[in-house]
Amino acid sequence: MIALLVISALSAWPQEEVSLERKFKAGERLEYSVDCSLHMEYKGSGMQFYMPQEFDVSYRFTTQVQTLLHDGFAQVVYERPSMTFTDGENASSPPRTTVEKTAWKFQLDLSPINEITKVKDLNPQRPQGKGDEKSHWNHAGLGQEVTQEGTPDPLVPMIRELRGLALFLGNLDSSLDLNPKLPLDPVKVGSTWKKTVSFQPRKLADSDRQAMQRLDMTYRYDGLVQSDGKPVHRVTAMVDLDTDAAPWLNQIFGVKPDESDLAAVKLVLKTKIEFDLEPVSLTTLWAGAESNGEISITVAQNKDTPIYTEKLKGKSAMNLVKRS
């Protein structure tokens, strides 16, 4: 009740600028749980119905502050011992769960805005492939190429990248683990800032040509809000991608649009992530994410019916489970 009154009182006054800077504590150890699920539905040429596919990932990771550095920076050890992958039931097999010993252990220099400025691998002798990001993408449905036979090779990495973004998995710099990325300058409620999370083909301004351009996540400061009975700083992050990659692929193969059989390659992804940050230290307490996406490939011979369509729905949650 008191926390709610405080938030109500603050909202009644003109909003002052606040500096969103992480405050590290020497020796502090944080343990988080991350649970991600991806629902895919795909349909190829000649298929009457969409085929569903489920893919889940869960893991725990820890961060421990070793040394406080200059200007609010900190030297932190990040560890992720393992990841659990689950393929959902499908027409040909029951659910299948695999535990992969990732053995990630890195020494990181972290800035007060959660940017990684230096990385040292503390476990360089782990077996090749273990903990390798590519092994995660190729595990189960995330890296499985269910696309129509004949899909242009340059398109395959873009599809895999879109699936990864929908699942909110990625490298340490772009995954939920060390997010949100905070702004350099003081902000008010409603202020926004950006961080590049991927690259996708998009139309160049004042041109018919396309190029691989940065795909940004836009963060917004929503102020102090009530969460689980406590006041927290709320930051919301959004990704909005809606592009046709066909012109870029035609450029890659050196053909004109009227010479190509490729009519359209639509890539769509809408993502929203909410972060709850502790009011004083700005430690991330919780993150909840949802996404919707679609991949659609159409050829010139039949522009009314895509030869391949894939619908994506992702949901993820990150929780601080232990602090010491």
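This briefing walks through the strands, the cavities, the salt bridges and a few backbone details of the structure above.

The model is predicted, so local features need pLDDT of at least 70 and side-chain atom pairs count only at pLDDT 80 or more, while totals for chains, interfaces and linings use all residues. Residues are numbered from 1 along each chain as its sequence is written, and side-chain values use heavy atoms, with hydrogens and water left out. The protein comes to 5 helices and 13 strands; helices (H or I, at least four residues) and strands (E, at least two) are DSSP runs, numbered from the N terminus. Of its 324 residues, 44% are buried, where buried means under 20% relative accessible area, exposed over 50%, and partly exposed in between (1.4 Å probe, protein chains only). Among contacts with a separation of 6 or more, 63% are between residues 24 or more positions apart; a contact means heavy atoms within 4.5 Å.

**Strands around β2**

- Let's start with β1 (residues 29–44) and β2 (residues 51–68), which run antiparallel and are joined by 14 bridges; two strands pair if DSSP finds at least two bridges between them.
- Within this pairing, His39 stands opposite Glu54 in β2.
- The two strands form a hairpin with 6 residues between them, and Gly46 in the turn has a positive phi of about 90 degrees.
- Strand β3 (residues 74–80) also runs antiparallel to β2, with 6 bridges joining them, and here Thr62 stands opposite Glu79 in β3.
- The hairpin of β2 and β3 has 5 residues between the strands, and Asp71 takes a positive phi near 55 degrees there.
- Strand β4 (residues 83–87) is joined to β2 by 5 bridges, again antiparallel, and Tyr59 has Met83 in β4 as its bridge partner.

**Cavities**

- How many cavities of 30 Å³ or more does a search of the whole structure find? The search finds 2.
- On a 1 Å grid over the protein atoms alone, a cavity is a set of points where a 1.4 Å probe fits but cannot get out, and lining residues have an atom within 4 Å of a point.
- The largest cavity holds about 140 Å³ of space; grid points are joined across faces, edges and corners, and a volume is the space filled by probe spheres set on the points.
- Its lining has 16 residues, and those nearest the centre are Arg22, Leu30, Tyr32, Thr63 and Leu178.
- β1 and β2 each supply at least two residues of this lining, and the largest share, 3 residues, comes from β2.
- By class, the lining of the largest cavity has 9 nonpolar, 4 polar and 3 charged residues; Ala, Val, Leu, Ile, Met, Phe, Trp, Tyr, Cys and Pro count as nonpolar, Asp, Glu, Lys and Arg as charged, and the others, Gly among them, as polar.

**Salt bridges**

- The structure holds 13 salt bridges, each being a side-chain nitrogen of Lys or Arg within 4 Å of a carboxyl oxygen of Asp or Glu.
- One of them joins the side chains of Glu28 and Arg323 (2.8 Å, N to O).
- Glu28 lies in the loop between α1 (2–12) and β1, and Arg323 in strand β13 (residues 308–323), so this pair ties together parts that are 295 residues apart in sequence.
- Glu28 is buried at 12% relative accessible area, whereas Arg323 is partly exposed at 34%.
- Arg220 and Asp222 form another salt bridge, with their closest N and O atoms 2.6 Å apart; Arg220 is partly exposed at 33%, and Asp222 is partly exposed at 23%.
- Arg234 meets Glu274 in a salt bridge as well (3.8 Å, N to O).
- This pair links distant parts of the chain, with Arg234 in strand β10 (residues 230–244) and Glu274 in strand β11 (residues 262–277), 40 residues apart.

**Backbone details**

- Which residues does a cis peptide bond join, with omega about 5 degrees? The bond joins Asn179 and Pro180, and Pro180 sits in the loop between α4 (155–167) and β8 (192–203).
- Ala103, a residue other than glycine, has a positive phi near 55 degrees; Ala103 is in the loop between β5 (96–100) and β6 (104–110) and is partly exposed at 26%.
- Leu282 also has a positive phi, near 60 degrees; Leu282 is in the loop between β11 and β12 (284–299) and is buried, with a relative accessible area of 3%.

Key:
1 Å grid on protein atoms, 1.4 Å probe; cavity = no way out; pocket = protein on both sides within 12 Å on 5 of 7 lines; lining within 4 Å.
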